[in-house]
Amino acid sequence: MTDVREIQRAMAARGFYAGDIDGDFGPKSRTGFKVYMQTYEPQALNWTDIIATSAEFSVDPHLVAAFHEVESSGAGFDRGRLKIRRESHYFKRLSDGKFDKSHPQYSHPYEQRAHYPQPADQAGRWEQLMDMIKLDAEAALQSFSWGAFQVMGANFKFLEHGSAWSMIRWLNENEINQLRGFFRFCKAKGVLDDLQAGRILEVTKVYNGEANAEEYARKITNSRNRRAAR
């Protein structure tokens with residue numbers, strides 16, 4: 001299980017943190033984390049990458065590109081950092097509701113999400129992530145979706161990683177890894193055959209959840225058809 005000390009050690013190993021390995025995610029840790037997670041000139045996906053990787057899995061590349069577009073507007077990074085999205089109901093569950101009263105903006109049921117909207121910009125979301133790491137690092141890392149295909153940190157095992165922290169650092173290397181992570185998830189969750197057959201709703205039921213499946217399937221279908229018609 002990842003704690004703040006492990007993150008501090010990782011930052012210190014690369015020269016981004018010179019403070020004590022004390023488990024306190026204070027100002028020095030926050031500053032080091034921002035730099036540690038910055039990817040300079042990140043390798044973005046291009047159409048050739050999508051075609052080649054989709055062919056390995058016998059999947060329509062237009063469909064993969066549609067997932068890419070709908071999940072992250074076609075970019076896994078924003079100003080050098082992974083695109084992220086907070087899922088507070090995950091944090092509530094993973095931290096056993098310990099922060100429901102003290103930090104309800106970060107720990108609340110899914111049904112209350114409208115009361116605590118996401119920051120409009122990624123910089124604000126990263127500030128919230130760091131607030132949550134200070135509260136419970138492991139729960140925080142698992143409670144955000146990451147990168148071009150917005151895979152939840154809690155799904156690290158399906159991407160063949162031993163922890164959310166390991167998965168996030170791998171995704172942070174480039175968007176090719178993010179694409180491969182998408183296929184790993186679909187294979188592990190048993191929907192790769194649905195993806196291959198173009199059964200989009202069956203995929204979104206698993207990938208986006210039953211409550212959001214139809215909306216995502218509609219958006220992805222429209223994107224896929226628009227791309228294929230070009």
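**Reading helices and strands**

Mentor: Helices (H or I, at least four residues) and strands (E, at least two) are DSSP runs, numbered from the N terminus. This is a predicted model, in which local features need pLDDT of at least 70, side-chain atom pairs count only at pLDDT 80 or more, and totals for chains, interfaces and linings use all residues. Residues are numbered from 1 along each chain as its sequence is written, and side-chain values use heavy atoms, with hydrogens and water left out.

Trainee: Which residues of H12 are buried?

Mentor: An α-helix has 3.6 residues a turn, so residues three or four places apart point the same way. In H12, the buried residues are Ala-213, Ala-217, Ile-220, Ser-223 and Arg-227. They cover an arc (taken from the directions from the helix axis to the C-beta atoms) of only 135°, which puts them on the same side of H12. These buried residues pack against helix H4 (61-72) and helix H11 (200-207), contact being heavy atoms within 4.5 Å.

Trainee: What is the order of the strands in the open sheet?

Mentor: Two strands pair if DSSP finds at least two bridges between them. Here the 3 strands follow the order E3-E4-E5, with antiparallel pairing. Strand E3 (84-86) and strand E5 (151-152) each have a single partner strand, so one side of each is left without a neighbour in the sheet. Between E4 (residues 144-146) and E5 there are 2 bridges, and Trp-146 has Val-151 as its bridge partner in E5.

Technical notes:
Buried means under 20% relative accessible area, exposed over 50%, partly exposed in between (1.4 Å probe, protein chains only).
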